[in-house]
Amino acid sequence: MNSNILNIECLRLISDGSGVGYMNGIATFVPGLLPGETAEVAVSKTKKKWQRASLLNLIQRSPERIDAPCTVFEGCGGCQLQHTTYAETLLWKQRWVEDALARIGKISAEVKPTLGMEHPWRYRNKARLHRLPTGELGYYKEKSKDQVNFHDCLLLSEGMNRWIKRTEELLGEGYPEIHTLTFRKNTKNEGLLIIEGMPGESLSVPENNDFFEALAKEGLRSIWNLDAEGSLQLIWGDEEFSQTILGLTFELSPLAFLQVNSRQADLLYKLVLDAVALTGEEIVWDLYSGIGTLTLALATKAMKVTAIEENPYAVENAIQNAVNNHAVGNIEFLKGKVEQRMMKIEEEPDVVVLDPPRAGIHADVLQRLLELKPQRIIYVSCDPGTLARDLGGLTAGGYKVDSVQPVDMFPWTGHVECCCLLVRAE
């Protein structure tokens with residue numbers, strides 16, 4: 001028997017969709033293999049303490065294995081978990097958070113069961129696609145620039161899939177400079193399109209009225225051009241684009257960050273509002289505040305909210321959103337890096353809400369929080385590893401992890417969102 005061909009039993013699952021088994025004490029990672037399965041695998045890469053292998057033949061099949069409904073699942077890489085049941089993905093996401101907290105943060109805390117979706121499909125409100133010279137639109141394969149084309153992405157609404165195919169047809173093989181297109185959709189099923197790779201005047205009115213009108217019939221409200229310097233230009237349509245969150249209406253810049261799952265975002269933000277437990281007397285800091293989604297909700301129950309956000313488009317949106325929702329009396333918006341702006345605020349917060357990017361919080365932010373000693377910190381995270389690192393620093397500085405609630409913001413992928421409440425240990 002070839003020494004590179006092994007029979008292995010899978011013991012656990014990791015977030016990239018690989019199963020993990022052990023052979024002579026060496027961890028073996030096998031994409032597509034599920035816990036409880038035994039399989040014949042071919043080793044493709046070997047290191048001192050681990051090796052990678054490909055699945056050749058299933059010997060023992062897991063009862064949790066299902067046929068992936070997406071036709072390009074194996075080649076795309078955008079989803080990692082469509083080969084197992086949804087309930088099983090929720091269980092493993094809870095375990096990944098538990099493992100990260102224990103291994104990286106040295107934290108022993110109860111992690112609640114992952115809150116999933118009743119219908120975990122068609123949830124994404126944003127898709128960034130790449131374009132071949134022949135005109136086809138698709139995703140990049142994971143860790144590659146190879147393009148994967150699709151007929152119907154099951155994470156996107158049927159309407160967004162129609163926008164994509166209609167745009168593909170209308171552009172055809174023309175405009176070869178266009179290399180990337182981003183589609184966004186709001187809760188009213190209205191859309192916008194951002195085009196990258198060509199001068200905006202090349203798509204200007206009136207030469208392309210037919211193109212614009214055809215997309216308008218499909219529900220797109222505006223088309224924007226993003227140049228190489230990162231500047232936005234409205235080519236056609238309405239400049240305003242809004243989203244409803246927690247019953248409030250938010251104006252949204254084409255480049256501003258927004259949770260890609262609108263249904264689960266409301267659930268996540270309600271968890272934050274429950275965790276802050278405001279009485280109306282508190283000074284609250286909302287760090288990495290985006291377009292003000294949480295800021296405005298916090299302001300309804302706080303004495304004052306100070307929001308800090310680096311993205312200038314998002315800050316402009318946040319200020320306008322406060323005006324539009326009649327919430328200007330007790331909110332201060334600060335533009336800039338959190339680690340710089342928070343150092344200059346004289347008022348000390350009672351509660352701090354953190355929703356940082358995947359990299360987590362800057363070391364200076366953590367140190368300043370330990371100096372300020374707010375009574376409660378609510379940390380929203382999209383990465384268990386950096387969450388565990390930051391919670392480890394906060395617990396070492398006098399905080400106790402009160403609750404950890406994973407939320408399945410990205411069904412069928414290896415990503416998981418968390419809402420964590422920390423309180424002063426004394």
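**Charged side chains in their setting**

Modeller: Buried residues make up 54% of the 426 residues in this chain, and the model under discussion is a predicted one. The secondary structure consists of 10 helices and 22 strands. The radius of gyration is 24 Å, close to the 22 Å that the globule rule gives for 426 residues, so the chain is as compact as a globular protein of that length. Its C-alpha trace spans about 75 × 70 × 35 Å along the principal axes.

Within this fold, the charged side chains form 17 salt bridges. One of them joins Glu37 and Arg65, with the closest N and O atoms 2.7 Å apart. Glu37 is in the loop between strand E4 (26–31) and E5, whereas Arg65 is in the loop between E6 and helix H1 (73–76), so this pair ties together parts that are 28 residues apart in sequence. Both partners fall below the 20% limit for burial: Glu37 counts as buried because its relative accessibility is 0%, and Arg65 is buried with a relative accessible area of 14%.

Two further salt bridges lie within helices. In the pair Arg103 and Asp99, the N to O distance is 3.1 Å. These two residues are 4 residues apart in helix H2 (residues 86–103), and are therefore separated by about one helical turn. Asp99 has a relative accessibility of 40%, so it counts as partly exposed. The other pair is Glu168 and Lys165, whose closest N and O atoms are 3.4 Å apart. Here the spacing is 3 residues in helix H3 (residues 158–171), which again means a separation of about one helical turn. Glu168 is buried, its relative accessible area being 16%.

Lys45, Lys47, Arg52 and Lys143 form a patch of positive charge on the surface, and membership of a patch requires over 30% relative accessible area and no salt bridge. Lys47 is placed in the loop between strand E5 (38–46) and strand E6 (50–60). With a relative accessibility of 42%, Lys47 counts as partly exposed. Lys143, another member of the patch, is found in the loop between strand E8 (137–140) and strand E9 (147–149). Lys143 counts as exposed because its relative accessibility is 80%.

The backbone at Lys143 also deserves attention. Most residues other than glycine have a negative phi. Lys143, although not a glycine, has a positive phi of about 60°. Lys106 is likewise not a glycine and has a positive phi of about 55°. Its place is in the loop between H2 and strand E7 (126–131), and Lys106 counts as exposed at 67% relative accessibility.

Ala327 and Thr295 are 32 residues apart in sequence, and their C-alpha atoms are 9.6 Å apart in space.

How values were computed:
Residues are numbered from 1 along each chain as its sequence is written. Side-chain values use heavy atoms; hydrogens and water are left out. Patches are made of residues with over 30% relative accessible area and no salt bridge: like charges are joined within 9 Å, nonpolar side chains (Val, Leu, Ile, Met, Phe, Trp, Tyr) within 5 Å. Accessible areas come from the Shrake-Rupley method with a 1.4 Å probe; for residues, only the protein chains shown count as cover. A salt bridge is a side-chain nitrogen of Lys or Arg within 4 Å of a carboxyl oxygen of Asp or Glu. Lys and Arg count as positive and Asp and Glu as negative; His and the chain ends are not counted. The place of a charge is taken as NZ of Lys, CZ of Arg, CG of Asp or CD of Glu. Buried means under 20% relative accessible area, exposed over 50%, partly exposed in between (1.4 Å probe, protein chains only). The radius of gyration is taken over C-alpha atoms; the globule rule is 2.2 Å times the number of residues to the power 0.38.
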